Amino acid sequence: MKLQFPQSPDRLSQTDSRILEYIEGHREEVMFMSIGQMSAQIEVSEASISRFVRHMGCQDYKQLKSIILEQNHLEGPAGKMAGTLFSGDGFCAARYLNRQHQCLEKTLEQLDDSVFEEAVRAIRNGKRIYIHAKSASASMGELLFFRLRRLGLPVILLPSGGSELLEGLAQAEADDLVIFFAFSKVSWESRTILDCQKEAGFRTLCFTSRLIMPEDDSADINLYVYRGEANEYHSMTAATAMVDALIVAVMEQLGADGAKKLQRLHQMKKDHRIF
């Protein structure tokens, strides 16, 4: 859909038409451009861009950007980043960190203690624990893998995709647990995990940002984490906190056995002078 401006002149000059065409076709880039950068990009003067902005009924270039943002015509990672950066008067670390606090609060509001406890038991009792994570979720998968391995649990990090993923899943059996991340949608890889579960019978645990999961997309255990709205940068703050909460809770279940594993690792590092 075309952008709607405060004014829509009946006729635009050749230069104005050129500027409008560029803005319509490069909305994400424009959000990150100064007037000078746009001027150099499309080879028109800064004064011409300023006149175009006024012709369209905007007070200034900043209001033009606000119109692009408010009408939610931004897509993809750049659009989401713009939605976060330009929702106020520039980036403010304190405001951003407060937004992360809100992500944690919304996650806490939807936390189901019984589901969380079931997730802890599934991790604690899994004969083997497989973890699949890709793209932005890869860091969460690595963190979970690292923490669980330190506790001495039999954890395996699955390849991100392709035939190697299938080769890993082929080893999963009924007493195993497969953990995956499917925040806003179920990827091909996540769908493959759910399909393989039907035959192999292993349990599944999913990190998701959806409160309502269609039956075909639902794992045995679904842990909700809030990562932000659809048109803004998606944070991993709540997901990281949920991973850490699981680790601490699993450690409590392991008790002395878990402490023994950690202490043995600590002693090995001392013996081999790895600090």
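Guide: A salt bridge is a side-chain nitrogen of Lys or Arg within 4 Å of a carboxyl oxygen of Asp or Glu. By this rule the chain has eight salt bridges. The model is predicted, so local features need pLDDT of at least 70 and side-chain atom pairs count only at pLDDT 80 or more, while totals for chains, interfaces and linings use all residues. Residues are numbered from 1 along each chain as its sequence is written, and side-chain values use heavy atoms, with hydrogens and water left out.

Visitor: What makes E118 and R203 a salt bridge?

Guide: Their side chains come to 2.8 Å, N to O, and the limit is 4 Å, so the pair qualifies.

Visitor: Why is this pair said to tie together parts of the chain?

Guide: E118 lies in helix 8 (residues 113–125) and R203 in strand 4 (residues 203–208), so the bridge joins parts 85 residues apart in sequence. Helices (H or I, at least four residues) and strands (E, at least two) are DSSP runs, numbered from the N terminus.

Visitor: Why is H132 called buried?

Guide: Buried means under 20% relative accessible area, exposed over 50%, partly exposed in between (1.4 Å probe, protein chains only). H132 has 2%, so it counts as buried. H132 sits in strand 1 (residues 129–132), and its side chain reaches the backbone oxygen of S160 at 2.7 Å.

Key:
Polar contact = N/O pair within 3.5 Å; in protein donor to acceptor, adjacent residues only side chain to side chain.
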